[in-house]
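Hi,

Here is the model I said I would pass on. Have a look at it first, then read my notes below.

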Amino acid sequence: MGLWAPTTRPHRPYDHTGRGPTPFCSLGRWLVNPDNTIADLITRDPVTIERDKPLSEAYRLLRAAPFHHVPVVDRDKPIGIISSVDVLRLAYDIEGFEDRDMADMLDYQFNLDDAMSTDLRMVTDDSTIRQAAAQLADGQVHSLLVIDNDGSLTGIVTTTDLLRRLADE
């Protein structure tokens, strides 16, 4: 028998619950089970902004905070999302202003509706990691809004949240 002889072990070991293959990396370490729910990945009660607020408020939030997405809500219902990239695109069009004047210029030229994206991707607490990853995989968005049965915002999950989970495993 040669060095590369086939083994009798299955290529992907089965877990002890009988539900099928368990994700392993090549070193035999457990990876994230994609069929687990996203419940423990969710950032609960994320910072939000109301639709009627000035764009400068979103600009200040995004500059001061360690996150890159702010859901836009109307009475706790998500109607849009604004990212640091969305604001930077608008700010790039405004040349020759100091940072302190930028907020005033953004409000003068734009409103929150101009900057926010209304193409929302949403999931619920009981969505699986696989479902969330599938929505993020196309690269068009980097965050999913988490809603309850009434459509109210309860949290947010980002590509960074998923990557951190993988890195922690």
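Predicted model: local features only at pLDDT ≥ 70, side-chain atom pairs only at ≥ 80, totals over all residues.

Residues are numbered from 1 along each chain as its sequence is written, and side-chain values use heavy atoms, with hydrogens and water left out.

**Overall layout**

The chain has 6 helices and 7 strands; these are DSSP runs numbered from the N terminus, with helices being H or I of at least four residues and strands E of at least two. Reading from the N terminus, the order is β-β-α-β-β-α-α-α-β-α-β-β-α. Of the 169 residues, 37% are buried, where buried means under 20% relative accessible area, exposed means over 50%, and partly exposed is in between (1.4 Å probe, protein chains only). The chain exposes about 11,300 Å², with carbon and sulfur atoms supplying 50% of that; the areas come from the Shrake-Rupley method with a 1.4 Å probe, and for residues only the protein chains shown count as cover. Taking contacts (heavy atoms within 4.5 Å) between residues at least 6 apart in sequence, 55% join residues at least 24 apart.

**The sheet**

An open sheet is built from 4 strands in the order β1-β7-β6-β5, with mixed pairing. For pairing, DSSP has to find at least two bridges between the two strands. β1 and β5 are the edge strands, each pairing on one side only. β5 and β6 pair in the parallel sense over 2 bridges, and V123 stands opposite V146 in β6. Helix α5 packs on this sheet and touches β5, β6 and β7, its direction making about 135 degrees with that of β6. Helix α6 (residues 159-168) also packs on the sheet. α6 touches β1 and β7, at about 60 degrees to the direction of β7. Those angles run from 0 to 180 degrees between N-to-C directions, and the axes are lines fitted to C-alpha atoms, for helices over the stretch in contact.

**The cores**

A nonpolar core here is a set of buried Ala, Val, Leu, Ile, Met, Phe, Trp, Tyr and Cys residues joined through side-chain atoms within 4.5 Å. The largest one has 18 residues, and L55, I82, V87, L106 and L112 touch the most other members. Two or more residues each come from α1, β3 (69-74), α2, α3 (99-109) and α4, with α1 giving the largest share, 4 residues. A second, separate core has 12 residues, among them V123, L136, L144 and L162.

**Salt bridges**

With a salt bridge taken as a side-chain nitrogen of Lys or Arg within 4 Å of a carboxyl oxygen of Asp or Glu, the count is 6.

- R44 and D125 have their closest N and O atoms 3.0 Å apart. The two are 81 residues apart, with R44 in strand β1 (residues 43-44) and D125 in the loop between β5 (122-123) and α5 (129-136). R44 is partly exposed at 37%, and D125 is partly exposed at 32%.
- R51 and D113 also come to 3.0 Å between closest N and O atoms. This pair spans 62 residues, from the loop between β2 (49-50) and α1 (55-64) to helix α4 (residues 112-115). R51 is partly exposed at 40%, as is D113 at 39%.
- D86 and R89 have closest N and O atoms 3.6 Å apart. They sit 3 residues apart in helix α2 (residues 84-93), so about one helical turn separates them. D86 is buried at 16%, whereas R89 is exposed at 56%.

**Two more residues**

T37 lies in the segment before β1 and is partly exposed at 34%. T37 and T128 are 91 residues apart in sequence, yet 4.1 Å apart in space, C-alpha to C-alpha. Leaving out residues up to four places away in sequence, T37 touches D125, D126, S127, T128 and I129. D125 is the salt-bridge partner of R44.

S152 is in the loop between β6 (143-147) and β7 (153-158) and is buried at 16%. Beyond its neighbours within four places in sequence, S152 contacts D76, K77, P78, V146 and I147.

Cheers
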